[in-house]
Amino acid sequence: MSQWVCVHAQMSDWDNYRYFLAVAREGTLSGAARALSVNHATVLRRLRSLEEQLQTGLFERRSDGYSLTSAG
């Protein structure tokens, strides 16, 4: 059972990169959400999770959208 939980957690972490890529391509949370057919809050949650996991900011948040940082 614990092996399944570990594998599931790893897959979930890798899935966060899909959200990162969508935001990088679209430039906004809402654009990424449309591209992934999810709610914008889901995109934000996944992005924050990835940034926390990597312990760095991946995007500069601006009024006109998101732009990659040097780490991103």
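Rings of Phe, Tyr and Trp (its six-membered ring) are taken to pair if their centres lie within 6.5 Å, with planes under 30 degrees apart counted as stacked, over 60 as edge-to-face and the rest as tilted. In the predicted model described here, Phe20, Phe59 and Tyr66 form one aromatic cluster. Residues are numbered from 1 along each chain as its sequence is written, and side-chain values use heavy atoms, with hydrogens and water left out. Because the model is predicted, local features need pLDDT of at least 70 and side-chain atom pairs count only at pLDDT 80 or more, while totals for chains, interfaces and linings use all residues.

The secondary structure of the chain consists of three helices and two strands; helices (H or I, at least four residues) and strands (E, at least two) are DSSP runs, numbered from the N terminus. Along the sequence these elements follow the pattern α-α-α-β-β. Of the 72 residues of the chain, 31% are buried, where buried means under 20% relative accessible area, exposed over 50%, and partly exposed in between (1.4 Å probe, protein chains only). The chain has an accessible surface of about 5,000 Å², and 52% of this belongs to carbon and sulfur atoms. Accessible areas come from the Shrake-Rupley method with a 1.4 Å probe, and for residues only the protein chains shown count as cover. A contact is defined as heavy atoms within 4.5 Å. Among contacts between residues at least 6 apart in sequence, 38% join residues at least 24 apart.

Confidence is expressed as pLDDT, the predictor's confidence in each residue, from 0 to 100. The chain has a mean pLDDT of 86, and 83% of its residues reach 70 or more. Confidence is lowest in helix H1 (residues 2-26), with a mean of 73, and highest in helix H2 (residues 29-36), with a mean of 97. The pLDDT is below 50 over residues 4-9, a stretch that has zero contacts in the model beyond near neighbours in sequence. Where pLDDT is low, the predicted coordinates should not be read in detail.

The largest nonpolar core has 14 residues, of which Phe20, Val23, Leu29, Val43, Leu47, Phe59 and Tyr66 touch the most other members. Such a core is a set of buried Ala, Val, Leu, Ile, Met, Phe, Trp, Tyr and Cys residues joined through side-chain atoms within 4.5 Å. At least two residues of this core come from each of H1, H2 and helix H3 (40-54). Leu47 touches Phe20, Val23, Leu29, Phe59, Arg61 and Tyr66, residues up to four places away in sequence not being counted. In soluble globular proteins, nonpolar side chains tend to be buried together.

Three aromatic pairs are counted. Trp14 and Tyr17 form a tilted pair, 5.3 Å centre to centre with 40° between the planes. Both residues of this pair lie in helix H1, three residues apart, about one turn of the helix. An α-helix has 3.6 residues a turn, so residues three or four places apart point the same way. Trp14 is exposed at 63% relative accessibility, and Tyr17 is partly exposed at 30%. Phe59 and Tyr66 form an edge-to-face pair, 5.8 Å centre to centre with 70° between the planes. Both Phe59 and Tyr66 are buried.

Helix H1 also contains Asn16, which is buried at 2% relative accessibility. The side chain of Asn16 makes a polar contact with that of Ser49 at 3.3 Å. A polar contact is a pair of N or O atoms within 3.5 Å; within protein, one must be able to donate a hydrogen and the other to accept it, and residues adjacent in sequence count only if both atoms are side-chain atoms. With residues up to four places away in sequence left out, Asn16 touches Arg46, Ser49, Leu50 and Gln53.

At the start of H2, a side-chain oxygen of Thr28 comes within 2.9 Å of the backbone nitrogen of Gly31. Buried residues in H2 are Leu29, Gly31, Ala32, Ala33 and Leu36. Ser37 follows H2 and is placed in the loop between H2 and H3.

Most residues other than glycine have a negative phi, and most peptide bonds are trans. Ser37 is not a glycine, yet has a positive phi of about 60°; Ser37 is exposed, with a relative accessible area of 66%. Gln55, also not a glycine, has a positive phi of about 55°. Gln55 is located in the loop between H3 and strand S1 (59-62) and is exposed at 71% relative accessibility.
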